[in-house]
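Please read this briefing alongside the sequence and the structure shown below. The points are grouped by topic for a reader who is new to them.

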Amino acid sequence: MLAVETYNLTKMFHKLKAVDELNLEIKEAEIYSLLGPNGAGKTTTVRLLTGLLRPTQGGARVLGLDISNDLQEIRSRVGHLTETPALYERLTVRQNLDFFAKLYEVPETEIKPRIEEIVDLFELPEKLDEPAGTLSKGMKQKVAIARAMFHKPELIFLDEPTASLSPESAKVVREQIVKLAKKERRTFFICTHNLFEAERLSSRVGIINHGKLVAQGSPAELREMRKDETVTIFRFSTWKSNTKEFFEDKKIEIVEHNQDQKYVSAIIKDIEKQTPSIISSLAKNNFQLVEVKHEFPTLERIYLELVELEGVPREENNMEDS
Amino acid sequence: MDWGRVKALVKKDLREMFKSKYILSAVIGMPILFAILIPLSTLYPMVVIDPSEFEGEEELPASFSNLMSLIVPNWDDAGAQGQLLILTAYIMYIMVLLIPIILPAVTASETIVGEKERKTMEALLVSPLSETELVTGKILSSFLPSVIGTAFAALTYGIITNITIYPYINSLLFLDVLSIVFLFVIAPLLSILSVELMILISTRVTSVRDAYQLGSLVVLPLIMIVIGLVVSYLFISILALIASVAILLTLCAIFFKIATNVFDRERAIVKLV
């Protein structure tokens with residue numbers, strides 16, 4: 001069963017298309033990251049999937065349930081970390097968790113052991129009985145993540161989960177996400193700007209801009225799609241004056257050349273076939289080659305190129321990621 | 001409707017409210033002001049005046065005096081000073097009846113617009129709480145402090161006025177059917193109506209402060225209703241009283257429906273969050 005399935009999901013705010021014919025298929029136990037700049041449509045997508053907004057066109061199924069008809073059940077089976085921790089600051093951490101446990105109908109007898117379990121899971125400090133308002137920003141975020149997962153939802157939407165966390169805390173959260181996906185087969189739908197995190201954590205990544213899905217696949221698949229943009233670096237022991245001309249004669253696109261550091265970086269079409277012949281040709285022409293290295297496009301580069309191609313997103317859309 | 005979820009919401013809201021110094025001071029301070037300080041400052045000067053000062057004053061119209069004697073035991077024996085005190089005590093009763101209108105405006109602003117201001121509303125809207133459960137919970141959590149405040153005010157006011165007036169009539173005031181119906185039926189209904197109107201306001205404003213300002217406009221018509229009811233207090237028949245209660249109940253039901261619709265998640269997320 002698919003955890004999330006959208007078909008031409010569209011949301012318009014007056015004349016503005018916040019989500020534009022979005023088609024997603026997210027498998028059970030998958031960690032899926034939706035990447036996009038501010039105002040791209042990430043938060044609106046999650047709000048549509050959790051029933052906070054109604055689609056203008058198209059539809060979606062969440063955990064096999066229709067978002068137009070089965071919202072109550074969807075809400076009880078998913079967890080949601082909103083953009084802000086949204087904790088009740090005058091209440092203690094325990095009271096916050098207890099309140100949401102009751103909203104999600106966690107049996108009374110299970111609440112206390114679950115609080116202890118989740119405290120261990122997310123390395124929350126012994127501040128359970130302190131008002132949430134006294135916690136640090138990162139600690140609040142951890143409590144909010146714990147709250148989103150408290151009722152053991154099958155699908156968890158996380159909006160920028162590690163945005164305000166220290167590197168150590170972010171690592172703990174990432175480890176728990178992977179662990180929960182693998183061991184308990186929970187599905188994670190993560191909205192993030194953090195490309196490093198998306199690459200490390202996700203089985204698949206979607207890139208959204210102007211409400212449209214502009215690319216989707218595993219980080220490896222995305223790199224494969226852009227393998228033509230792999231940069232190959234040729235490093236020499238000595239720099240010959242005709243180095244640049246050599247590459248230009250062979251119609252190889254030079255990205256950069258540096259005489260002092262004695263290297264040329266270039267984009268080679270059909271990299272597997274062309275690279276060996278270029279190396280042998282360099283050798284024949286007495287170029288003292290010491291290193292040849294491929295730099296595959298990073299997710300960051302792919303993301304930036306796709307987003308730039310699509311243009312600057314509408315920052316003024318205050319319905320989004322505000 | 002799942003009452004367990006409503007109970008959890010009410011418990012959470014009350015916990016939050018009573019940890020707010022502002023709300024706590026309103027819930028305690030308003031009854032003290034309306035039920036102790038204002039009545040005492042009005043009644044006390046009349047008590048300390050020498051009874052002979054009232055001799056030769058124009059008497060109340062006989063028809064009005066007859067109506068009062070139907071409500072107040074031993075009215076005719078109270079004397080001019082006692083009768084003036086009794087009349088003032090009934091007029092001051094308006095103050096007590098204002099508490100269930102004004103106090104929910106404060107508590108509802110805190111609990112509804114406060115959620116929005118503190119950005120906790122989205123987490124609530126994405127939970128399995130239905131719109132009806134949400135509105136019911138918010139009405140109850142705004143209404144309960146006002147009930148407590150009104151009960152405290154009524155009790156205190158009753159004690160103060162009866163201690164002051166008992167020597168004149170050798171009997172207790174405010175134990176008549178009308179006073180009890182006003183306190184236990186009309187006041188709570190006005191309180192619910194006040195909360196429902198505040199829910200409607202909450203969709204239009206972005207901060208608790210704005211809600212207070214707009215809220216004060218909304219409670220004005222309700223205050224007029226209270227004043228109207230109290231002024232006609234002496235002339236109201238049981239039938240008219242039943243009709244008033246029925247109208248208030250209908251208004252509460254209508255505004256509950258409107259408030260539930262306002263809490264439509266999409267509208268709430270667009271307007272509230």
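Lys138(B) counts as buried because its relative accessible area is 0%, where buried means under 20% relative accessible area, exposed over 50% and partly exposed in between, with a 1.4 Å probe and protein chains only. This is a predicted model, in which local features need pLDDT of at least 70 and side-chain atom pairs count only at pLDDT 80 or more, while totals for chains, interfaces and linings use all residues. Residues are numbered from 1 along each chain as its sequence is written, chains are lettered from A and ligands numbered from 1 in the order in which they are written, and side-chain values use heavy atoms, with hydrogens and water left out.

**Salt bridges**

- Over all chains, the structure holds 26 salt bridges, a salt bridge being a side-chain nitrogen of Lys or Arg within 4 Å of a carboxyl oxygen of Asp or Glu.
- Glu197(A) and Arg174(A) form one of these, with their closest N and O atoms 3.1 Å apart.
- Because Glu197(A) lies in helix H7 (residues 195–201) of chain A and Arg174(A) in helix H6 (residues 167–183) of chain A, the pair ties together parts that are 23 residues apart in sequence; helices (H or I, at least four residues) and strands (E, at least two) are DSSP runs, numbered from the N terminus.
- Both Glu197(A) and Arg174(A) are buried.
- In chain B, Glu115(B) forms a salt bridge with Lys12(B), and the closest N and O atoms are 2.6 Å apart.
- Glu115(B) belongs to helix H4 of chain B and Lys12(B) to helix H1 (residues 3–17) of chain B, so this pair ties together parts that are 103 residues apart in sequence.
- Glu115(B) and Lys12(B) are both buried, Glu115(B) having a relative accessibility of 1%.
- Glu115(B) also meets Lys138(B) in a salt bridge, at 2.7 Å from N to O.
- Since Lys138(B) lies in helix H6 of chain B and Glu115(B) in helix H4 of chain B, the pair ties together parts that are 23 residues apart in sequence.
- Through shared partners, salt bridges join Lys12(B), Asp13(B), Glu16(B), Glu115(B), Arg118(B) and Lys138(B) into one network.

**Nonpolar cores**

- The largest nonpolar core has 73 residues, and those with the most contacts inside it are Val72(B), Ile86(B) and Leu173(B); such a core is a set of buried Ala, Val, Leu, Ile, Met, Phe, Trp, Tyr and Cys residues joined through side-chain atoms within 4.5 Å.
- H4(B) gives the most to this core, with 19 residues.
- Leaving aside neighbours within four places in sequence, Ile86(B) is in contact (heavy atoms within 4.5 Å) with residues including Met68(B), Trp75(B), Ile165(B) and Leu173(B).
- Apart from this core lies another, of 35 residues, among them Ala101(A), Val119(A), Ala144(A) and Met149(A).

**Confidence**

- The mean pLDDT, the predictor's confidence in each residue from 0 to 100, is 86 for chain A, where 95% of the residues reach 70 or more.
- Residues 312–322 of chain A stay under 50 in pLDDT, and the model has 34 contacts for them beyond four places in sequence.
- Chain B has a mean pLDDT of 82, with 92% of its residues reaching 70 or more.
- Within chain B, confidence is lowest in helix H10 (residues 265–271), at a mean of 65, and highest in H1(B), at 92.
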